[in-house]
Amino acid sequence: MTPHPTCKEDPKKKRLCPSCLYWDPRPEEGSGPGMGYCTERDIITSVRCECDLFEQATKTKVEARDRALYGEINEESEE
């Protein structure tokens, strides 16, 4: 895996993408390991160490994003 240019100078820098709200780790067919889809940039990219669009994915933010995408899920139990 070739590192993204933002990671080349300091290989110990924190990789941002895996903990970003906009990261989709399911790479498109044939893109290889360490690649994923950035929903904010609308591109397939390697993991970055610097990004002006980075937003830490918290449980609350992920749930809010999922509600916006998929709507509310009715979790009533059937009796």
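Lys 13 is partly exposed, with a relative accessible area of 29%; the term covers the range between buried (under 20%) and exposed (over 50%), for a 1.4 Å probe and protein chains only. The structure is a predicted model, in which local features need pLDDT of at least 70, side-chain atom pairs count only at pLDDT 80 or more, and totals for chains, interfaces and linings use all residues. Residues are numbered from 1 along each chain as its sequence is written, and side-chain values use heavy atoms, with hydrogens and water left out.

Lys 13 forms a salt bridge with Glu 50. The closest N and O atoms of this pair are 2.3 Å apart. A salt bridge here is a side-chain nitrogen of Lys or Arg within 4 Å of a carboxyl oxygen of Asp or Glu. Lys 13 lies in the segment before strand E1 (23-24) and Glu 50 in the loop between strand E3 (43-46) and H1, so the pair ties together parts that are 37 residues apart in sequence. Glu 50 is also partly exposed, with a relative accessible area of 43%.

The overall fold was examined next. The secondary structure of the chain comes to 1 helix and 3 strands. Both kinds of element are DSSP runs, numbered from the N terminus: helices are H or I runs of at least four residues, and strands are E runs of at least two. Along the sequence the pattern is β-β-β-α. The chain has 79 residues, and 23% of them count as buried. Its accessible surface comes to about 6300 Å², computed by the Shrake-Rupley method with a 1.4 Å probe. Carbon and sulfur atoms account for 50% of that surface. A contact means heavy atoms within 4.5 Å. Of the contacts between residues at least 6 apart in sequence, 57% join residues at least 24 apart.

The 3 strands form an open sheet. Their order is E1-E2-E3, and the pairing is antiparallel. E1 and E3 are the edge strands, each pairing on one side only. Two strands pair if DSSP finds at least two bridges between them. E1 and E2 pair over 2 bridges. E2 (residues 35-38) is joined to E3 by 4 bridges. Within the second pairing, Met 35 stands opposite Ser 46 in E3. The hairpin of E2 and E3 has 4 residues between the strands. In this hairpin, Asp 42 takes a positive phi near 60°.

Trp 23 stands opposite Cys 38. The C-alpha atoms of Cys 38 and Trp 23 are separated by 4.9 Å, although the residues are 15 apart along the chain. Beyond residues up to four places away in sequence, Cys 38 touches Tyr 22, Ile 43 and Thr 45. The largest nonpolar core has 7 residues, and Cys 38, Tyr 22 and Trp 23 are among them. A nonpolar core is a set of buried Ala, Val, Leu, Ile, Met, Phe, Trp, Tyr and Cys residues joined through side-chain atoms within 4.5 Å.

Helix H1 spans residues 59-70. Its 12 residues reach 16 Å from the first C-alpha to the last. This is close to the 16 Å expected at 1.5 Å a residue, the expected span being 1.5 Å times one less than the number of residues. Gly 71 follows H1 with a positive phi, near 80°.

Val 62 is found in helix H1 and is partly exposed, at 25% relative accessibility. Residues up to four places away in sequence aside, Val 62 touches Leu 21 and Ala 57. Val 62 and Leu 21 are 41 residues apart in sequence, yet 6.7 Å apart in space, C-alpha to C-alpha.

The salt bridges number 4 in total. Besides the pair of Glu 50 and Lys 13, one joins the side chains of Glu 55 and Lys 61, at 3.3 Å from N to O. Glu 55 is partly exposed at 26% relative accessibility, and Lys 61 is partly exposed at 33%. Another salt bridge joins Arg 65 and Asp 66, at 3.2 Å from N to O. Arg 65 has a relative accessible area of 31%, and Asp 66 has 27% relative accessibility.
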